[in-house]
Amino acid sequence: MNKKKKVGIFTFTCDEGCSIYLIEIFNKKLIAWLEKMELAYFLSIKDRRDAKSFDIVLVEGAITTERDLKEIEEVRKMTKVLIGMGNCAITGMPTCQRNNFNENQTEAIKGELDKFNFLPKCQAIKEVVKLDDEIPGCPIGEEAFVKVFEKYL
Ligand code: SF4
């Protein structure tokens, strides 16, 4: 019998819209998928991360802090197939809108950026580490998600 794939879902800076939508998809599909996979980490459902490595990881959001940066590099190292989930992970938008602010707008948010140790530039996950596959959308669509995810199960 094949070993179950270890799956993780990690959220970086964003509104978490894609993972909320993913819960909707799980409501319909998770029972069947659990024949082939184990949900090893997903903060929205399970907040303990015991796994040291993953077969498949879905990542949403953008990289805006040193902490995000360190975590995505660690996740990349322990993952076989890293999938960008949603436009923020793939293109940075809409989360990275501040990169396009004019001088006055940037000055207006400077205090907040410093206070919370934000990086000077917000980056898509794809700009920071290699993604093995992508599910675009804001939020993701069910059909596109299923098509990409099932390739790796
Ligand atoms: S792509 Fe859209 S829905 Fe998904 S996390 Fe980013 S802003 Fe939210």
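Helices here are DSSP runs of H or I with at least four residues, strands are runs of E with at least two, and both are numbered from the N terminus.

Two notes on the source. This is a predicted model, in which local features need pLDDT of at least 70 and side-chain atom pairs count only at pLDDT 80 or more, while totals for chains, interfaces and linings use all residues. Residues are numbered from 1 along each chain as its sequence is written.

Back to Asn117. Asn117 has a positive phi of about 55°, although it is not a glycine. Asn117 is exposed, with 10 other C-beta atoms within 10 Å. For the cut-offs, 20 or more other C-beta atoms within 10 Å of a residue's own make it buried, 12 or fewer make it exposed, and anything in between is partly exposed; the C-beta atoms are placed from the backbone.

Glu16 also has a positive phi, about 65°, and is not a glycine. Glu16 sits in the loop between E1 and H1. With 17 C-beta neighbours inside 10 Å, Glu16 counts as partly exposed.

Now the sheet. Five strands form an open sheet in the order E2-E1-E3-E5-E7, and the pairing is parallel. Two strands pair if DSSP finds at least two bridges between them. Strand E2 (37–42) and strand E7 (133–135) are at the edges with a single partner strand each, so one side of each has no neighbour in the sheet. On average, neighbouring strands of this sheet are turned by 25° against each other, direction ignored.

E1 and E2 pair in the parallel sense over 5 bridges. Lys5 has Met37 of E2 as its bridge partner, and Val7 has Leu39 of E2. E1 is mostly covered, with 5 of its 7 residues buried.

Helix H2 (residues 66–77) lies across E1, E3 and E5, and runs at about 130° to E5. Axes are lines fitted to C-alpha atoms, for helices over the stretch in contact, and angles run from 0 to 180 degrees between N-to-C directions.

Next, the core. The largest nonpolar core has 31 residues, and Phe12, Val57, Val59, Ala62, Met85 and Ile125 touch the most other members. Such a core is a set of buried Ala, Val, Leu, Ile, Met, Phe, Trp, Tyr and Cys residues joined through C-beta atoms within 7 Å. E3 gives the most to this core, with 5 residues.

What does Met85 touch, leaving aside its neighbours within four places in sequence? Met85 is in contact with Cys18, Leu58, Val59, Glu60, Ile135 and Ile140. Contact means that the C-beta atoms of two residues, placed from the backbone, lie within 7 Å.

Then the ligand. There are 13 residues around the ligand, and Gly17, Cys18, Gly86, Cys88 and Cys138 come nearest. A residue counts as near if its C-beta atom, placed from the backbone, lies within 6 Å of the molecule. Helix H1 (17–33) and helix H3 (87–91) each supply at least two residues of this shell.

Last, two cis peptide bonds. One joins Cys138 and Pro139, with omega about 0°, and Pro139 is in the loop between E7 and H6. The peptide bond from Met93 to Pro94 is also cis, with omega near 10°. Pro94 is found in the loop between H3 and helix H4 (103–115).
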